[in-house]
Amino acid sequence: MSESVLQKDAGQLLMELMMKTPETVRDPYPHYHALRAADPHYRMVIPDHGAGWVLTTYDDCRFAMKSPALDKSGVRPRLGKERGDERIRTLLFMDGPEHTRLRGLISSAFTPRRVQKLRPRLEAQVAKLIDPIVAGLTSAGGVFDLVETFARPLPIAVIGELVGVPEQDYAMLRDLTKKASAAVDTIDIHDPEMLRAADAAMFEMEQYFVSLLEERRANPKDDLISNLSTVEIDGDRLSTEELVSVVVLLFSAGFHTMTDLISLGTRALCENPGEMARLRADRSLLASAVEEFLRYDSPIQITGRSFIADTTLSDGTPVPAGDQAVVVIGAANRDPARFADPDRLDIGRYAAGGTTEPPLSFAWGAHHCLGVQLARLEGVLAFGALLDNFADIQLTGEDLRFKSSGMFRGFDALPLHVVPAEAP
């Protein structure tokens, strides 16, 4: 860590992180370390929201995610204003009995057994995307954009396969999901034109899934939307609105996290050729590697919570109800108090006998990601396919085009130079 970063106070460090300076966009982790050292739970004033606590330790961030003293009551979706509709629209923004009920009704669709049953179909989706890339290369190799041709279309194909979306609609849903996600995927969240476009895209997605649901109720298939339409617990079933909100959340959340996990993980391997070689030599480390990619460079860097009851942080610092929490996942995942040598990529960190401290990238507690098993399988298949099909993978040396997002970390483009693997 540079001496100049260490000499800055917590306020300066936080301001540079919030302004997304070129330095903090490229590598925010030295700033996270310095902020944690300067003040592990820095108190700031958030305009129109009162006091906010910037949490950078693993213990504080996990506490904020699992404690009943905090919820998402201060973290609301911005979509719906054009329709005079600002209700909580997805599971992501629910708490209490409503959240517990909805989560219980849909959790059966995401068991490890059900996800593994999807594996052959997901492998086929991976092959459909990677085979044309390989076919377009000469024996000497070539360049392709990982984000545009693989990391971005794959999550939509995987979720589409799970939900039961016709393949010809994947591209349309990818475009709508990207537009709708602009409400949280940009720094300028108050741009009225951007919000109107995002809201229109969200509305179009909702109407599409309402139509698909009606079709599946008339002609059920072996897919998620058909199965969820019949799920019942003690006579309770999902309404059309609830089911559609679940499917929309799957597309919006899964799209970003998986696109960014694949691109960030690939970049990490390219910058750590020893770990790339290690993974090539031992594919049993793929699951551990995916978990390490999530820890090392989390696709979701920041989330929020609200204190709804008086409580204390890990060191006994009192916090009153009504304050907000800025949960810095990226900092928590590199907390040296929880992870040995946290700035080192170690694809075996989560192998048998390794650390049992999970990254917080999929959240924790009541809002722990329901699709975590699907995401892990998708990651294993994606990275396995890249290693299987390319004998050499390197960054081209071009300046990396990072997203301008306050929440997500990833790339708008990631050009790679690859050499195809020899045919078996």
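Two strands are said to pair if DSSP finds at least two bridges between them, and strands (E, at least two residues) and helices (H or I, at least four) are DSSP runs, numbered from the N terminus. What you see is a predicted model, in which local features need pLDDT of at least 70 and side-chain atom pairs count only at pLDDT 80 or more, whereas totals for chains, interfaces and linings use all residues. Residues are numbered from 1 along each chain as its sequence is written, and side-chain values use heavy atoms, with hydrogens and water left out.

Let me begin with the sheet of 3 strands, which is open, has the order 4-14-11 and is paired in the antiparallel sense. Strand 4 (142–145) and strand 11 (390–395) stand at its edges, each with a single partner strand, so one side of each has no neighbour in the sheet. From one strand to the next the twist averages 35 degrees; angles here run from 0 to 180 degrees between N-to-C directions, with axes fitted as lines to C-alpha atoms, for helices over the stretch in contact.

Strand 4 and strand 14 are antiparallel and are joined by 4 bridges. Phenylalanine 144 stands opposite leucine 416 of strand 14, while valine 143 has histidine 417 of strand 14 as its bridge partner.

Leucine 395 has leucine 416 of strand 14 as its bridge partner, and aspartate 392 has valine 419. Helix 18 packs on this sheet, touching strand 11 and strand 14, and its direction makes about 110 degrees with that of strand 11; contact means heavy atoms within 4.5 Å.

Helix 8 (residues 119–135) packs against helix 18 (residues 372–389) at an angle of about 35 degrees, their axes being 10 Å apart. Among the residues that make the contact are Leu122, Val126 and Ile130 of helix 8, together with Leu377, Leu381 and Ala385 of helix 18.

There is also a sheet of 5 strands, again open, with the order 1-2-10-7-3 and mixed pairing. Strand 1 (41–46) and strand 3 (70–71) are at the edges, each with a single partner strand, so one side of each is left without a neighbour in the sheet. Strand 7 (residues 302–307) and strand 10 (residues 324–328) run antiparallel and are joined by 5 bridges, with threonine 303 opposite valine 327 in strand 10. Helix 5 (residues 58–66) lies across strands 1, 2, 3, 7 and 10, running at about 125 degrees to strand 10.

Finally, the cysteines: how many disulfides are there? Taking a disulfide as a pair of cysteine sulfur atoms within 2.5 Å, the count comes to 0. For cysteine 369, the nearest cysteine sulfur is that of cysteine 61, 18 Å away. Cysteine 369 is partly exposed, with a relative accessible area of 29%, whereas cysteine 270 is buried at 16%.

Definitions and conventions: Buried means under 20% relative accessible area, exposed over 50%, partly exposed in between (1.4 Å probe, protein chains only).
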